[in-house]
Amino acid sequence: MFFDRPDSGELAILVHLEFSNVVDNNDPREFEELVLSAGGDPIDFLTGQRSSPHARYFIGTGKLEELKALVEEHCAELVIFNHELSASQERNLEKELQCRVLDRTGLILDIFAQRARTHEGKLQVELAQLNHISTRLIRGWTHLERQKGGIGLRGPGETQLETDRRLLRGRIKAIGKRLEKVRKQREQGRRARIRAEIPTLSLVGYTNAGKSTLFNAITEAGVFAQDQLFATLDPTMRRIGLPDVGPAILADTVGFLSNLPHRLVEAFRATLEEAASADLLLHVVDAVDEERARNIVEVNGVLEEIEADELPQLMIYNKIDLIEDFQPRIDRDGDGRPTAVWLSAQEKTGIDILQKAISELLANDIFESKVTLAATMGSLRSKLYRHNAVLGEEYLSDGSCELLIRLPQTDLTRMLSSESISLDDITGDKFDDSTQQLAV
């Protein structure tokens, strides 16, 4: 909405400082990838070290002179900082450098503005943009101090800046109401899935970990997937079938990032609530990323912010095709429960064992047994077949049939209840030796 982008990449100089009193500084390599994702053309990279930011310019006066020289040398149109600048620092730098200055938050917002496709996604981006730009309005209105005066027009008056802020507050409020409506609609959908006992899985993870590629490999949905940061912005949900579980909902969500601006988390809360209400989080990790341990911590930090940190997680280490002689596998804990799956979404290797691991975690109570259905129980037999629960069948001389079935206990209970049949009616004492309740 607020960013006018040229057709070709803008010439940009990148600025990154390391602060001695900060334990976890932003990654300069990731910063450059963000600029490229936004369509920028990085032509130089200015780095430095400080104990704390300069109050007026963020960088020191010496670095400011270096930056001025680089802007003039390259005729740069844009300077981008890998840090969050205050509104005054941004204005002071633009005055000195005589070109546009953008901070890390503004850069991420610009990428989000390019990626948003759905109405909801555009609303969320606009809300985040409005909240960000509301502190920077003065730079666009320094030439206007008051509304036009004159005979018959004089009054208490209102500065142009106050007028603009009032209009922004009204727009922010309107978008907030519309997103609240979206949130309620999502909540209704979640309640319907709970009533139908359909489990929900949410793909979460650091940006560019391969979530959308994995989503496509599982669902064949054809969701846009690209080797770039924030390729996915709009949430996508698909119905899938899982062995021993039946139907489930798989949701692809926006990727996380280190030091993700809080206002972005707030703006995308309606979307992120899909992750917060999931039955199982599939935490996708780039297995070959040198910063994978740090990325896991960052993702868990965002999950904690949206109150999803207590949900069960299955770690998925993706891109094993880039590791020599590495085969898909499942890692298990001391109780034999799956904790991690190693696979390649790009090559579609390991998808079958991922589905197996998910089924084991979701289908805690599996009923596997021989049952006997009387000739009058044809409706129940039909339902068992529709659920793909029948492993074997044999007809008896009295017209009844003996079935070997395997399905979740909850599904069997629901079927029996709908037919007004008890479990004892189909098992009986003669099958005690072969009946078993399996915990998978």
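**A predicted chain and one of its sheets**

Colleague: What share of the 440 residues in the protein chain is buried?
Modeller: The model is predicted, so to speak of local features pLDDT must be at least 70, side-chain atom pairs count only at pLDDT 80 or more, and totals for chains, interfaces and linings use all residues. Residues are numbered from 1 along each chain as its sequence is written, and side-chain values use heavy atoms, without hydrogens and water. Buried means under 20% relative accessible area, with a 1.4 Å probe and protein chains only. Of the 440 residues in the protein chain, the buried share is 48%.

Colleague: In what order do the 4 strands of the open sheet stand?
Modeller: Strands are DSSP runs of E, at least two residues long, numbered from the N terminus. Two of them pair if DSSP finds at least two bridges between them. The pairing in this open sheet is parallel, and the order is E2-E1-E3-E4.

Colleague: Why is one side of strand E2 and of strand E4 left without a neighbour in the sheet?
Modeller: Strand E2 covers 41-50 and strand E4 covers 100-102.

Colleague: Which residue in E3 is the bridge partner of Ala 12?
Modeller: Strand E1 (residues 11-19) pairs with strand E3 (residues 78-81) in the parallel sense, over 4 bridges. For Ala 12, the bridge partner in E3 is Leu 78.

Notes. Buried < 20%, exposed > 50% of the residue type's maximum accessible area, 1.4 Å probe, protein only.
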